[in-house]
Each structure stands twice: as C-alpha cells, then as structure tokens.
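Let's take a walk through this structure together, moving from one residue to its surroundings and then out to the whole chain. Keep the viewer open as you read.

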Amino acid sequence: MVKTSNLEKFYKKTQGERISIIAEVCNLGPEQVNLLKALVNPDFMKIMDGMIENVVGTFPLPLGIATNFIINGRERLVTMAIEEPSVVAAASNAARMARPHGGFLADPVKSLMIGQVQLVDIDDPGKVIDLLKKNETKILSKANEQDPVLVKAGGGARRLEIFKIDTNLGVMLDVQLVVDCLDAMGANAVNTMAEKVSPLLEEITGGRSLLRIISNLAVHRVARARAVFDKELLGGSDVVASILEAVEFANNDMFRAATHNKGIMNGVSAVVRATGNDTRAVEAGAHAYAAWNHAYKPLTRYYSDKDGNLVGEIELPIAVGIIGGATKTHPVAQLCLQIMEIDGAQTLSQTIAAVGLAQNLAALRALVSEGIQQGHMKLHAKNVVRMANIPEKYHERVIKEMVARGKVRIDTATDIFKDITKNEKNTP
Ligand code: MEV
C-alpha cells in the first residue's frame with residue numbers, strides 16, 4: 001500500500017527527486033526505478049516537463065506507419081500511435097483495396113470552432129436575443145481583440161449563434177461564438193474569447209454568464225471522405241453483400257453502432273495521438289455527432305456501385321491543429337506531420353477521416369469473413385511469449401503452435417515451451 005499520497009510540493013521537484021519520492025512511498029526496487037529513468041531521454045525531459053505536471057517519466061507507445069493511402073490524388077504515409085495489434089495492418093490493407101479506384105476523396109474542411117457562453121437569469125429571452133443580435137459586431141470585435149495574431153492570419157470570430165434552452169432551472173441562453181481557428185485546433189483561442197466577451201454579454205443582456213468554454217461538438221468542422229473499395233480485393237460480391245448487412249445491423253442497433261464507431265476511432269485516435277492532438281476532444285465530438293438526431297448511429301455509410309464495388313463514406317467532426325500545444329512542442333508529433341506531409345489542419349482532418357473509413361472497412365471485412373481474432377492472434381501471440389518469459393530462440397515455434405491451437409494464452413505458451421524443451425532433452 002502506498003505510504004501517503006500527500007506529496008508536499010511534488011510539482012516543484014526535479015524528475016530525479018520525484019522518482020526517488022515515488023520509489024520511497026511505493027516501495028519501488030532499483031529495476032523499476034531504472035525503468036522510469038531509462039524511458040526518459042534527457043533531451044525529452046524538458047519538453048515533457050513543460051507539457052504536464054508532476055512528470056516522472058514517459059509512456060512510450062508503438063508508432064506505426066500505415067501504407068497504401070492515396071488521399072485526394074496524393075500518396076500519403078500515415079503515422080499511427082496505438083497499442084492495439086492489427087490496427088495499422090488493417091488500415092493499410094483497406095487502403096490497398098481503395099487504390100484501384102483512386103483511393104480516398106476528402107471534402108474541404110472548415111476550421112470553425114464553437115465557443116459557448118451560458119447565460120442564465122434571463123427574464124425575457126426574446127428581448128435578450130434581439131439585443132445580442134443587434135450587438136453582434138461589437139461582441140465579435142471584443143472577441144477578436146483577444147487574438148490579433150489569429151485575426152492577422154485571416155481567422156477570428158465570425159458570427160454569433162444563439163439558442164434558447166428550457167431547463168428545469170429556468171430559461172438559459174447558449175450563446176455560441178463561431179471562430180475560424182485556421183491551422184490551430186483552437187481550444188485556447190476560443191476559450192479566451194469566450195471568457196473575455198462574457199462581461200460584455202452580461203452588460204448587454206443584464207443576464208449572468210456562467211460557463212465559457214469551447215464545444216467539442218465541432219459541427220462546423222466536419223470532415224467527409226469517400227472511397228470505392230474493390231469488390232474482387234474485398235473477396236467478391238458475397239463479402240460486399242455481407243458488409244452491407246453488417247452496416248445495416250449497426251444502423252438499427254446501438255450496441256453494434258458503438259462498436260462500429262469504436263473501430264473507426266481506432267484509426268482516428270491513432271493519427272490524432274501521433275500528431276500530438278487531443279484524442280478526447282475528437283472522440284467526444286465524434287460520439288456526440290453520431291447521436292446528432294438523438295439516436296446513436298454509425299459514422300460511416302456504404303452502398304455498392306454499378307460494378308458491385310463497395311462505396312464507403314465517412315462524416316465526423318475532426319478538430320485538430322498543427323500549430324499549437326503538443327503538435328508544436330512534441331518533436332515526434334512534428335516528425336509525424338512531416339512524414340505525412342501535412343501542410344495544414346485541413347489536410348490533417350482529411351487524412352484522419354480517410355483513415356477512419358479505412359479502419360472501419362477493414363474491421364467490417366474481417367468480421368464478415370474470417371473474424372477479427374485470426375488477425376489479432378499472431379501479434380497477440382508475440383506479446384504472450386514475452387509475457388511468459390519464453391527465451392527468444394523459441395518464440396517462433398511457440399507462437400506458431402499457439403496460433404495453430406487457437407489458444408493464445410500465457411499458460412498455453414508455457415506448456416508448449418515445456419513440451420519443446422522436454423522433446424529436445426529426449427532427442428539424442
Ligand atoms: C476492435 O478494436 C474494433 C472492432 O470491434 C470494430 C468493429 O467491430 O467494427 C473490430
């Protein structure tokens with residue numbers, strides 16, 4: 001049991017001091033301490049320390065490259081940071097199936113974000129809404145004063161949208177500031193603007209502003225991509241028909257729709273993460289968008305074209321940037337943007353949408369044919385042999401046998417290893 005969680009001035013300590021404290025209160029041995037230390041490249045330490053609080057180390061994830069993508073006529077390699085086996089291979093495989101038909105086509109994506117100000121204590125909502133509309137220019141100017149750099153670059157607050165909400169605690173107004181964030185994700189710009197305009201909103205309306213914060217339901221920043229997946233590469237017209245049935249299941253069943261969308265987010269979040277963007281923001285937006293009409297739906301649609309190929313389409317908000325926060329400070333995120341040849345937030349959103357679609361198609365194809373486990377098995381088996389501490393020279397044989405038995409487990413690995421070594425001893 002940890003001795004105490006009350007670590008005085010922990011945030012002020014150096015990384016080395018923090019590690020010593022944690023080692024002390026958690027009874028960590030030298031091996032565990034070394035693990036924390038070894039996972040921090042000294043050059044990274046400063047950067048990591050500036051990113052979050054109380055840093056004691058780093059948490060590495062595999063960074064993979066998905067191949068075969070053509071997006072809007074351009075070849076692209078896609079960087080994905082994810083712990084789950086098969087995701088990178090599946091995305092690459094689906095992208096390959098779209099190549100004969102030109103790959104992915106993605107629509108332009110606007111970089112408009114919403115900052116919400118919640119106005120309460122509203123006596124006459126109609127009158128207050130009129131007042132806000134009359135003062136729109138003044139309110140937008142106040143917002144734009146907060147970010148001259150954004151405004152100079154061509155972005156800034158564009159318009160107000162006002163919604164009346166009837167709640168159990170009375171009428172409230174949702175005042176939405178629609179801001180063009182250009183190549184930024186925009187949370188900082190939008191939050192600052194929302195906070196700074198709120199006294200003016202109170203002055204104009206006589207109401208009281210409460211929450212002032214970005215909305216992650218970025219409905220004005222929706223990315224759309226489509227691709228034609230080749231019927232023959234998919235495995236024939238039966239596979240196409242089965243995929244359409246599988247999607248219809250998700251269209252009509254929320255339990256399935258959640259998993260369908262989870263598969264999409266496997267691809268989406270992996271790219272969002274690799275580029276230092278906020279996975280939670282994109283995930284929250286995606287799931288809220290999926291429930292747009294108060295019924296949770298898949299984020300993709302499919303139909304077959306006149307030649308029997310499968311056409312897939314995806315639509316979801318993707319609020320990502322390339323110039324702020326970790327996208328800028330994390331050297332690996334910068335490198336990922338370079339590998340993907342991303343020249344702006346729009347290209348990144350389009351790429352992510354394409355990956356989401358590819359990921360979904362790959363999952364559906366596997367699910368309607370061999371199932372998902374077969375693909376997972378081999379990679380999973382690689383982890384299992386390591387966890388079972390099987391010596392490396394036996395890995396291949398143990399993995400092969402586990403997969404053949406369809407039992408990828410630590411106990412099975414150990415049994416197989418024992419059998420192999422016993423046979424070796426018994427063989428003259
Ligand atoms: C697993 O991470 C993702 C899937 O469950 C997605 C799906 O079922 O469509 C395979």
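Which residues does His330 touch, not counting residues up to four places away in sequence? They are Phe44, Met48 and Met51. Bear in mind as you look that this is a predicted model. You will find His330 in the loop between helix H13 (325-329) and helix H14 (331-339). Its side chain also reaches the backbone nitrogen of Val332, at 3.1 Å.

Now zoom out to the chain as a whole. It has 18 helices and ten strands, and its C-alpha trace spans about 95 × 70 × 45 Å along the principal axes. Of the 428 residues, 47% are buried. The chain exposes about 22,200 Å², with carbon and sulfur atoms supplying 53% of that area. Among contacts with a separation of 6 or more, 70% join residues 24 or more positions apart.

Next, look for the aromatic rings. A pair of such rings is described by the distance of the centres and the angle of the planes. Searching the whole structure turns up four aromatic pairs. In one of them, the ring centres of Phe69 and Phe104 are 5.3 Å apart and the planes meet at 25°; planes under 30 degrees apart count as stacked, so this pair is stacked. Phe69 sits in strand E1 (residues 63-71) and Phe104 in strand E3 (residues 104-106), so the pair ties together parts that are 35 residues apart in sequence. Both of these phenylalanines are buried, and together with Phe229 they form one aromatic cluster.

Another pair has a contrasting geometry to look at: Tyr394 and Phe417 are edge-to-face, with 5.1 Å from centre to centre and 70° between the planes. Tyr394 lies in the loop between helix H16 (373-387) and helix H17 (395-405), while Phe417 belongs to helix H18 (residues 410-426), so this pair ties together parts that are 23 residues apart in sequence. Tyr394 and Phe417 are both buried.

Let's go back to Phe69 and see what surrounds it. Leaving aside its neighbours within four places in sequence, Phe69 is in contact with residues including Arg74, Glu75, Val78, Ala91, Phe104, Ala354 and Ala358. In soluble globular proteins, nonpolar side chains tend to be buried together. Here the largest nonpolar core has 59 residues, and those touching the most other members are Phe69, Met80, Phe104, Phe229, Leu234, Leu348 and Leu361. Helix H15 (residues 345-368) gives the most to this core, contributing ten residues. There is also a second, separate core of 32 residues, with Leu119, Ile129, Leu150 and Ala189 among them.

Finally, turn to the ligand. Around it are Glu84, Arg256, Thr259, His260, Lys262, Gly263, Asn266, Ala363, Leu367 and Ile372. An N or O atom in the side chain of Arg256 is 2.7 Å from an oxygen atom of the ligand, and for a polar side-chain atom of Asn266 the distance to a ligand oxygen is 2.9 Å. On its own, the ligand has 290 Å² of accessible area, and the protein covers 85% of it.

Definitions and conventions:
Residues are numbered from 1 along each chain as its sequence is written. This is a predicted model: local features need pLDDT of at least 70, side-chain atom pairs count only at pLDDT 80 or more; totals for chains, interfaces and linings use all residues. Side-chain values use heavy atoms; hydrogens and water are left out. Rings of Phe, Tyr and Trp (its six-membered ring) pair if their centres lie within 6.5 Å; planes under 30 degrees apart count as stacked, over 60 as edge-to-face and the rest as tilted. Helices (H or I, at least four residues) and strands (E, at least two) are DSSP runs, numbered from the N terminus. Buried means under 20% relative accessible area, exposed over 50%, partly exposed in between (1.4 Å probe, protein chains only). A nonpolar core is a set of buried Ala, Val, Leu, Ile, Met, Phe, Trp, Tyr and Cys residues joined through side-chain atoms within 4.5 Å. Contact means heavy atoms within 4.5 Å. A residue is near a molecule or strand if one of its heavy atoms lies within 4 Å of it. A polar contact is a pair of N or O atoms within 3.5 Å; within protein, one must be able to donate a hydrogen and the other to accept it, and residues adjacent in sequence count only if both atoms are side-chain atoms. Accessible areas come from the Shrake-Rupley method with a 1.4 Å probe; for residues, only the protein chains shown count as cover.
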